[in-house]
Amino acid sequence: MVENKQTITICSDSVGETAEAVVKATLRQFPNRDVRIKRIGHIRSESEITSIMEQIAAEGGFAAYTLVQPELREMMKQESIRLGVRAIDIMGPMMQAYIDTFNDAPSRKPGLLHELDRDYFKRVEAIEFTVKCDDGRDLSAILKADIVIIGVSRTSKTPLSIFLAHKGYKVTNFPLMPEVRIAEELYRVPSNKIIGLSIDPESLLKIRTERLKTLGLPHGSQYSSMTRIIEELEFATSLMKQLRCPIIDVSNKAIEETAGLILDHITV
């Protein structure tokens, strides 16, 4: 018997990205991925909340909300009780803790996270820089970067770079191969800004084999041979030790986890 797909409705007086991030992080902890996320943003009135909650009551599931206006949060609580629908206040407890601890009042303005402020333009600049410098395309950018990521092919250098760029860091990444000359600029970067990525040979073999399948290339190429993989990893490890940079093993790690480790190491 196939169960109906369950729904989590995200309600926000802004765009709802904060609540969605929390919901997605929660869903990763459960094997049942057949859950639909429905996002409703820019809520401005109590009547909207009543309508939304009645729909949730009819369809099933629960609500997760980020509402900065106290009257909207209170309406959400009342409708939750009236209709018997579970509603999770994601932002409210944190705001209240801040108020109680620091004796301060919030601005209660929705969407502050997405205002076009200095941090926004910093992120845009970082993303443009990182895309332009991906995979060693602009060697002169190595000295301008906040973070320099090095590693052999298929160690997630590009997705890591883009993830960190969205946090406002200018990132460049450089692929390591025994036959390719190392950029002289790399030796001039402070070691605390360089991050080396390593990976278990067996894991890399699986990743490269799948990559060849995706590209429609034959399985037996040197790129996916264990001999070649070990040669590349040994070369990369030797260089990383020479540069005295932190080395992070990315085997079986999510991008978010590796990015967190990188930010723990670097000094910008």
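Glu210 is partly exposed, with a relative accessible area of 44% (buried means under 20%, exposed over 50% and partly exposed in between, for a 1.4 Å probe and protein chains only). The model is predicted, so that local features require pLDDT of at least 70 and side-chain atom pairs count only at pLDDT 80 or more, whereas totals for chains, interfaces and linings use all residues. Residues are numbered from 1 along each chain as its sequence is written, and side-chain values use heavy atoms, leaving out hydrogens and water.

Glu210 pairs with Lys213 in a salt bridge, with 3.4 Å between the closest N and O atoms (a side-chain nitrogen of Lys or Arg within 4 Å of a carboxyl oxygen of Asp or Glu). Both residues belong to helix H7, where a spacing of three residues corresponds to about one turn (helices are DSSP runs of H or I with at least four residues, numbered from the N terminus). Lys213 is exposed, its relative accessible area being 56%.

Helix H7 spans residues 201-215 and helix H8 residues 226-243; their axes come within 10 Å and cross at roughly 120° (axes are lines fitted to C-alpha atoms over the stretch in contact, and angles run from 0 to 180 degrees between N-to-C directions). H7 is therefore oblique to H8 (angles under 35 degrees count as roughly parallel, over 145 as roughly antiparallel, 65 to 115 as roughly perpendicular and the rest as oblique). The crossing of H7 past H8 is right-handed, the near helix being turned clockwise from the far one by less than a right angle.

On the H7 side, Pro201, Glu202, Leu204, Leu205 and Arg208 meet Met226, Ile229, Glu232 and Leu233 of H8 (contact means heavy atoms within 4.5 Å). This contact comprises six nonpolar, no polar and three charged residues (Ala, Val, Leu, Ile, Met, Phe, Trp, Tyr, Cys and Pro count as nonpolar, Asp, Glu, Lys and Arg as charged, and the others, Gly among them, as polar).

A salt bridge joins the side chains of Arg208 and Glu232, with an N to O distance of 2.7 Å. The pair links distant parts of the chain, Arg208 lying in H7 and Glu232 in H8, 24 residues apart. Arg208 is buried, with a relative accessible area of 0%, and Glu232 is likewise buried, at 3%.

Glu232 also forms a salt bridge with Arg228 (2.7 Å, N to O). These two residues, four apart in H8, are separated by about one helical turn. Arg228 and Glu232 are both buried. Salt bridges with shared partners connect Glu179, Arg208, Arg228, Glu231 and Glu232 into one network. Across the whole structure, eleven salt bridges are found.
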